[in-house]
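Reader: I would like to go through the aromatic rings here. Please show the structure before we start.

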Amino acid sequence: MATIFTALQDVQARIHAACTTASRNDNEVTLLAVSKTFPSQDIRTLYQHGQRAFGENYAQELASKQQELSDCTDLEWHFIGPLQSNKTRLVAENAAWVHTIDRFKIAERLAKQRPSDMPQLNICLQVNVSGEDSKSGVAPNELLDLAQQVSQLPELKIRGLMCIPEATDNASRLTTQFATLVKLKEQLNSQGFALDTLSMGMSADLELAIASGSTLVRIGSAIFGARTYPPGNTAP
Ligand SMILES: *Cc1c(COP(=O)(O)O)cnc(C)c1O
């Protein structure tokens, strides 16, 4: 019988195979299990099997699940959804990572609201690598400015860059967009930043992302199954 645990193992095997093909070590790639819309019990099951990093898209859902799973002490919450000003406090108080920073204003609010007894909030700056108007993410030519501003906030720690490429199965277009993120990270590091994270790759394209240099893949449906979205929310 297929269970979410066997699905997790299948994804781990895909990551292992992709790392082998790319001559990379498995430990260079973190698996973020994207649990949005799925119940806390599913998260607990995977936690009991050793999975530690979980991704959520909705601030309120993140906060409720954090409460329900507060006994899972080393569970690491990543916020990966679009973040509005009125939801920053919930995220500042509950997440270890935020992957979707594309405006200074949101970063500033998170910094102000981060409780002083919590460690720095790890940040990935989201970059619009496909250039589509509809996409979130800072434009590549505005990334350096944003990174410099965010780096002034002591409550935050910039760890890397994140992208959601164009929704296509055209491998060469995806590869080009992943390569853009890789190059931007190298450019920032040559300007004195010390980024160690490239958050790229989802269920359908994790192999391409790992071949391109991803250090963190965000996997939802391949582990938890197909999602049905609540009204008003659309798939990324
Ligand atoms: C939902 C979501 C994912 C997971 O997508 P799958 O295709 O289900 O693996 C990854 N990243 C972001 C930003 C998401 O919102």
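Reader: Over the ring of which residue does the charged end of Arg52 sit?

Author: This is a predicted model, where local features need pLDDT of at least 70, side-chain atom pairs count only at pLDDT 80 or more, and totals for chains, interfaces and linings use all residues. Residues are numbered from 1 along each chain as its sequence is written, and side-chain values use heavy atoms, leaving out hydrogens and water. A charge sits over a ring if NZ of Lys or CZ of Arg is within 6 Å of the ring centre and within 35 degrees of the ring normal. For Arg52 the distance is 3.8 Å, and the ring is that of Tyr47.

Reader: How many aromatic pairs are there?

Author: Rings of Phe, Tyr and Trp (its six-membered ring) pair if their centres lie within 6.5 Å; planes under 30 degrees apart are stacked, over 60 edge-to-face, the rest tilted. By this rule the count is two.

Reader: Is the pair of Phe38 and Phe224 stacked or tilted?

Author: The centres are 5.3 Å apart.

Reader: Is Phe224 buried or exposed?

Author: Buried means under 20% relative accessible area, exposed over 50%, partly exposed in between (1.4 Å probe, protein chains only). Phe224 has 7% relative accessibility, so Phe224 is buried.

Reader: Why is the pair of Phe54 and Trp77 tilted?

Author: The ring centres lie 6.4 Å apart. The pair is tilted because the angle between the planes is 50°.

Reader: What is the relative accessible area of Trp77?

Author: Phe54 is buried at 0%. Trp77 is buried too, and its value is 4%.
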